[in-house]
There are 2 protein chains.
Amino acid sequence: MRRVTIKDIAKEANVSYATVSRALSGSPEISEKTRAHVLEVSKRMGYTKNYIAHAMVKKRTGLIGLIVASVKNPFMSELAFHIEQHAMLKGYNLMLCNSSHDTERERQVFEVLISRQVDGIIIVPTSAETHRHLAPYLETTPTVFVGENLRDAAVSYVAIDNYRGTRIGMEYLYGLGHRDILYFGRRKGSVTHQLRANGYIDACEEAGIEPMICHSSYTSSSIQNGYQLAKTLLAKPIDYTAVFAATDSMALGFMKATSELKIRIPKDLSLMGFDNIQYAELPRIDLTTIEQPQQAIAATAVDTLLERINNPQAGYAHHVLSPKLIERGTCKQLSDTE
Amino acid sequence: MRRVTIKDIAKEANVSYATVSRALSGSPEISEKTRAHVLEVSKRMGYTKNYIAHAMVKKRTGLIGLIVASVKNPFMSELAFHIEQHAMLKGYNLMLCNSSHDTERERQVFEVLISRQVDGIIIVPTSAETHRHLAPYLETTPTVFVGENLRDAAVSYVAIDNYRGTRIGMEYLYGLGHRDILYFGRRKGSVTHQLRANGYIDACEEAGIEPMICHSSYTSSSIQNGYQLAKTLLAKPIDYTAVFAATDSMALGFMKATSELKIRIPKDLSLMGFDNIQYAELPRIDLTTIEQPQQAIAATAVDTLLERINNPQAGYAHHVLSPKLIERGTCKQLSDTE
DNA sequence: TTGAAAGCGTTACCAC
DNA sequence: GTGGTAACGCTTTCAA
């Protein structure tokens, strides 16, 4: 039951266990002959390196902690996938934790990951305040935030230009002839939401159209919350031709409400999302939206983290990637006779 | 930069470091007075336990390895979420690996996880052969397979009764008046698929109706593959009133094809899925399907694994959970004048 | 080129 | 109750 160690190999191969270590770790200070012999023996005995002991002396585990609100969430799961792939490529493995949108839980798992000696942590923060709660840890643990634009914070982050995202979307809607565009589901407490809303407002201003914002008082942007919000919104008169949802999930909630009310999308109302989660391209959903380039975000996050890990006195970095319009079927050209 | 260790605390508190260890681990053989003192000092110095060193001597890491084909996949991501939650509850953390549907990769990450000394591994196997490739490791590493019914294998697994799943679905379709039901997307090489297909065939036989099976030659059941398969299928005459898809993903692919061909679901054709992935309940999708109880599967998998971990000479266990019909909007009652 | 031994941060055993 | 110390499996000096 006990696993084979280098001592076992040393005994079998008639060398010291220092020599075995050297042979296995590819050290140059060993003769080819003994190396070959040791390698042969260790293979025969089915040796596997004990990374725990390795980490113990090297003081690095080759582990990255990933904290997300919930991997169930399609945005997070995609991100987790790409982060794992990219980390694997660089020789790192992933420890996954869900914070369940709970700031205290976020702090707890952060501490657990530190206890487990991860070399660094990538976190998709639950709120714009997260980095404040984590401040005591951030000095000693290389950390990269993903998703939120923490422009004023002295921490590394990777996010997209959310402001530009809504501007791009507005440009597109405007080009389709829309002049009455409602922004749906703005949430407080998130920089991301604030920036997106600002992009919308500025676009309206420049186009000389009146901004209409439907605020969300929910703490997360789930389909369910979008649905509830849409129901109250749609109970009132509809004096807009297009709806720009703050997130794809909100857009899907909106869509659910319109389905029930027999409002046809895009025939009666155009709908635009934001994020381009996997759901968006499903048949019958076919949501026009603004993409967050997940793979690029993931790769950048991992690279930024590894840089910090390998160069502890390096400062922080802010990476802002470009969003992109994904044209699908939920926005229609407005006829002139509207 | 160096983290505080129990030796630092010992020095500061003027006790031996054995005493510090006792105080921190809640040992009873220590006076309340010194414990309080040590705890105070360690708190003041911001001590966090080093789990690596802990694992080194305890020979257990409190880590569970999770191998899935891809967390991007909605089924896997949901499972990963619940497994993490349940493991966390039991004091375990998760190491996540994606195998990318590649058997060799599966073997590689399995080895990595063993090297990292995880206490046990939960794997959603890529194929029914996976456990054969992993056989050499399975004797020494507690492992639980999830999703595949490996009835004849001496390994622990948790899965649903897939045979019963299609029987339940067929009963429902029959009850709605359907007599011409096509089974869509049967895939070779997966026990799951075989059992589902058998359930379908036996149900047909008992009902005295002719089975029609559309086989899939793809290696995975993605939406894309379902779409391609559906396109060739729908090019031929449609002599059935309902389609039972092997998986929800296949059903969504089918749905995409019907959308393009202006075939209305459920008006022209009823559609039933299998799995109840999150997508299924989205607005406009609203897929009637057979549920795999993910949370129960996750909890059972974790519990089964922990049992094996805590009792190494225990045998293997086969857990077969019950599928359930989820009635939504893609199956319609057939009128008598069909 | 090889071996002996220290050390990584804990726990656990044995004295006192 | 408390302290000293070996041990976990590895890497890395330092000698030989």
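This is a predicted model: local features need pLDDT of at least 70, side-chain atom pairs count only at pLDDT 80 or more; totals for chains, interfaces and linings use all residues.
Residues are numbered from 1 along each chain as its sequence is written, and side-chain values use heavy atoms, with hydrogens and water left out.

In the interface, 55 residues of chain B are in contact with 55 residues of chain A (heavy atoms within 4.5 Å). The two chains bury about 5,400 Å² between them, 59% of it on carbon and sulfur atoms; buried area is the accessible area (1.4 Å probe) lost on putting two parts together, summed over both. B:K72, B:R116 and B:R284 supply 15% of the area that chain B buries against chain A, more than any other three residues.

Polar contacts link 21 residue pairs between the chains, both residues at pLDDT 80 or more. Such a contact is a pair of N or O atoms within 3.5 Å; within protein, one must be able to donate a hydrogen and the other to accept it, and residues adjacent in sequence count only if both atoms are side-chain atoms.

Among the elements that each supply at least two residues of the side of chain B touching chain A are α4 (51–58), α6 (103–115) and α12 (248–260). The most comes from α5(B), with eight residues.

Technical notes. Chains are lettered from A and ligands numbered from 1 in the order in which they are written. Helices (H or I, at least four residues) and strands (E, at least two) are DSSP runs, numbered from the N terminus.
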